[in-house]
Amino acid sequence: MLDPVYIRASRAVTAQDTFAANSLPAVFSDAINNTLSYLQPAYQDYFTIMQLRRMSRITRIGMVAAIECLRDAKLTHPQAIITGTGKGSLSDTEKFIHNIMEFNEGTLNPTPFIQSTYNALNGMIGLHHDSSSYNTTYVHRGFSLEHAILDAMMHLHDGEAENALVGSFEEITGEHFVIKEKMGYWKKENISRTELLQADTPGSIAGEGTFFFVLQKQPEDAMVRLNGMKLLFEPQEHQVREQAQALLNANGLSWNDLDVVLLGNNGDNRFDHYYSNFASQLSDETHQLAFKHICGEFDTASGFALWLTAHLVKEQEFSNDLLLKKGSRMRLRNVLIYNNYYGSHHALYLLQECQ
Amino acid sequence: MEEFKRTLKQQIIDALNLQGMKPEEIQDTAPLFNEGLGLDSIDSLELIVLLERNYGIKIEDPREGRKVFESVNVMAEYIQANRKK
């Protein structure tokens, strides 16, 4: 079993105003045409025009999130840089593919090709921070962020690093929205975030989000402790419950010890039964929160739940807009995240307030 | 030739995404790489693509490109002497 790790700092760029104040805003934006798109930071505060010209939307967002996360952690040279992404820089990938078609596989522009590679952001972060340490990007659809975190946990466990910058990044484009619309990923009807979780129809709303965390081995100045994770591919419902039970048991906890459970309900009636059945065994004292009506659905949406958890444990409060079911616990000490990506990739995270 | 150089400068700005820069800010004789505009090896590849698409000129060796891309003046003369469209 891997040692617990500590989240020292966390940053999120989402459709909501999460970046500037680094906390959950009081007012939330709604989806436009079933899409929650990035509220973009002020890049000119970080980069010159000569630097910006070759950076795509997602690499700009990823860079500012990573820079501020490391600044929050007072860290200049992370000992590992590990990210996960389901799709990487989609806009550059599309540009590159269009180029191939338009110029009949002739001479192609190098910049979109370079940016379309999944590890382009990691390379930029390494260059910016003059870091030649371990540097890897995982591309495993709905498990991308989880594999990045697992890798970091193993590095910290084995003593190969004392800290690691871990993150995920995702973007939605117009073309990708249409492709996934044809696959039934999105709702046919336009829906607001306040209606999403009650909708008894297939599909969800699209989202995008970039999240960075500094993980460390020691508890000093940490926001929250990550005790462990479980990943399940296409499980039966009872297997999710059993693995959650195993995660709790391994940490000397029971269901009744959970103060908050964050659930990845996305309003899709083909998959939300996983969450309702999972929640049915929770104590009435446990707060049940949702998050995808705020950030939308994407491969690495669990990053938003992780960012939320770090903040709600540190600040000991959460917005009522997140509530699925109010519990009675005053102290927010033990938190379980359960998220799945369209019923296939299921992830459980157990987090605990630092003593 | 002056009008052509102005067109070429605008093409360079567009190809290299030099946001906010105007053609008149690029001097005809100033080096494009290093101390001049501060372009780098990836820009060199982008300029090779520009020459092929706009003028039908193929540069197989990027090192040759660095000589061609010494300045706007050198580039303009090379294009006029070698263009196929």
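Student: Before we look at the chains, what does contact mean here?
Tutor: Contact means heavy atoms within 4.5 Å. This is a predicted model, where local features need pLDDT of at least 70, side-chain atom pairs count only at pLDDT 80 or more, and totals for chains, interfaces and linings use all residues. Residues are numbered from 1 along each chain as its sequence is written, chains are lettered from A in the order in which they are written, and side-chain values use heavy atoms, with hydrogens and water left out.
Student: OK, how many residues of chain A are in contact with chain B?
Tutor: 14 residues of chain A, and they touch 15 residues of chain B.
Student: And what area do the two chains bury?
Tutor: About 1200 Å² between them, with 47% of it on carbon and sulfur atoms. Buried area is the accessible area (1.4 Å probe) that two parts lose on being put together, summed over both.
Student: How many salt bridges cross over?
Tutor: The rule finds three, taking a side-chain nitrogen of Lys or Arg within 4 Å of a carboxyl oxygen of Asp or Glu. One salt bridge joins the side chains of R54(A) and D40(B), at 2.8 Å, N to O.
Student: What's T300(A) in contact with?
Tutor: Leaving aside neighbours within four places in sequence, its contacts include G84(A), S144(A), E170(A) and F211(A).
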